[in-house]
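Here is a short tour of one structure. Keep the sequence and the 3D view side by side as you read.

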Amino acid sequence: MTVQEQTTQQSVEALLARIAELEARVEALEQAPAQDIEDRLAMVVFSGDLDKALAAFIIATGAAAMGLEVSMFFTFWGLSVVRKGRAFEGKNVIQKAFGAMLPAGEQSLHLSKMDFFGAGAALMRKIMRDNNVSSLDEMVELAQELGVRMVACEMSRDLLGIRDEELIDGLESGGVATFIGDASRSKVTLFI
Amino acid sequence: MSETFDVTQELDVRGLNCPMPLVKSRKAVNALPVGGVLKVVATDRGSVKDFQAWAKTAKNIELVAQEETEQDGQTLYIHYLKRTS
């Protein structure tokens, strides 16, 4: 065997080994569960601030318009964003106190900065009207019209004592698995 | 302006801000026949990049043309969207 033949054989062997290794990897990948990342957006709305809620709904409606499937999960203070009124009957003292202190509905939400006891929020609403920016109420309605999935966190709803009848219509009730179920398939996930 | 395509429908979103131009256009595109072209007239400067991003993301939309014109001291951003499927 000449030196040249020897090197050729060596490189063929190296190639065969490489092919075998790649075949094993392809097989392993084929057996692994598919990573189904879809055109979805999953969002946690934790904040009950007017400005953050606006950002959340602008992103949600924009994404829905762009063709993404959108899910919004309202938890803790974020429940205030989808709250339409107050109910006190049958609640314990703590729940009544929470119910009274937490904002109910768009008009009672505050800004996260420069709120000045609600004056900032009122000014913001005026500026938005003047600039022809949709109000939060309109955005919520629009989001529902566009088929955005909205889920109220059952656990925080219970903690804060917020009843179904205090929340806007069209909300689902769910927990962390509902969020992760959607988030794990989403290209975009946000926490606001 | 040389138009090499027929505008099927026109949508006026002048004065509207993010995300309304997008939302209204989506609704209008959904109502278009396949192959139809929607002309969107907007005053929102952000809509230029927004429509480019939308066309890139969406599977059934093609941004055929974009142009800017001045009218009554106002800049108009005009987008032509084609529904491809």
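Which residue is the bridge partner of Leu41(A) in β5(A)? The partner is Val188(A). Bear in mind throughout that this is a predicted model.

## The sheet of chain A

That bridge belongs to a pair of strands. Strand β1 of chain A covers residues 38–45. β1(A) and β5(A) run in the parallel sense and pair over five bridges. In general, strands of a sheet pair through backbone hydrogen bonds, either parallel or antiparallel.

Now take in the whole sheet. Chain A has an open sheet of five strands, in the order β4-β3-β2-β1-β5. The pairing is parallel. At the edges are β4 (172–174) and β5 (186–191) of chain A, and each of them pairs on one side only. From one strand to the next, the twist averages 25°.

A helix lies across these strands. Helix α7 of chain A, residues 176–183, lies across β1, β2 (69–74), β3 (149–153), β4 and β5 of chain A. The helix runs at about 145° to β1(A).

## Helix α2 within chain A

Next, follow α2(A). Its partner inside the chain is helix α5 of chain A, residues 136–145. The two axes come within 9 Å and cross at roughly 30°. The crossing of α2(A) and α5(A) is left-handed.

Which residues meet here? From α2(A) come Leu50(A), Ala53(A), Leu54(A), Phe57(A), Ile58(A), Ala60(A), Thr61(A) and Ala64(A). From α5(A) come Leu136(A), Met139(A), Val140(A), Leu142(A) and Ala143(A). By class, the contact of α2(A) with α5(A) has 12 nonpolar residues, one polar and no charged.

## Where the chains meet

How many residues does each chain bring to the contact between chains A and B? Chain A gives 11 residues and chain B gives 12 residues. On the chain A side, helix α2 (residues 50–65) supplies the largest share, four residues. That side of chain A divides into five nonpolar, six polar and no charged residues.

Look at one helix pair across the two chains. The axes of α2(A) and helix α1 of chain B, residues 20–30, come within 8 Å. They cross at roughly 30°, so α2(A) is roughly parallel to α1(B). The crossing of α2(A) and α1(B) is left-handed.

Thr61(A), Gly62(A) and Ala65(A) make the contact from α2(A). Leu22(B), Val23(B) and Arg26(B) make the contact from α1(B). The residues of this contact divide into three nonpolar, two polar and one charged.

Key. Residues are numbered from 1 along each chain as its sequence is written. Chains are lettered from A and ligands numbered from 1 in the order in which they are written. This is a predicted model: local features need pLDDT of at least 70, side-chain atom pairs count only at pLDDT 80 or more; totals for chains, interfaces and linings use all residues. Two residues are in contact if their C-beta atoms, placed from the backbone, lie within 7 Å. Ala, Val, Leu, Ile, Met, Phe, Trp, Tyr, Cys and Pro count as nonpolar, Asp, Glu, Lys and Arg as charged, and the others, Gly among them, as polar. Two strands pair if DSSP finds at least two bridges between them. Axes are lines fitted to C-alpha atoms, for helices over the stretch in contact, and angles run from 0 to 180 degrees between N-to-C directions. Angles under 35 degrees count as roughly parallel, over 145 as roughly antiparallel, 65 to 115 as roughly perpendicular and the rest as oblique. A crossing is left-handed if the near helix is turned anticlockwise from the far one by less than a right angle, and right-handed if clockwise.
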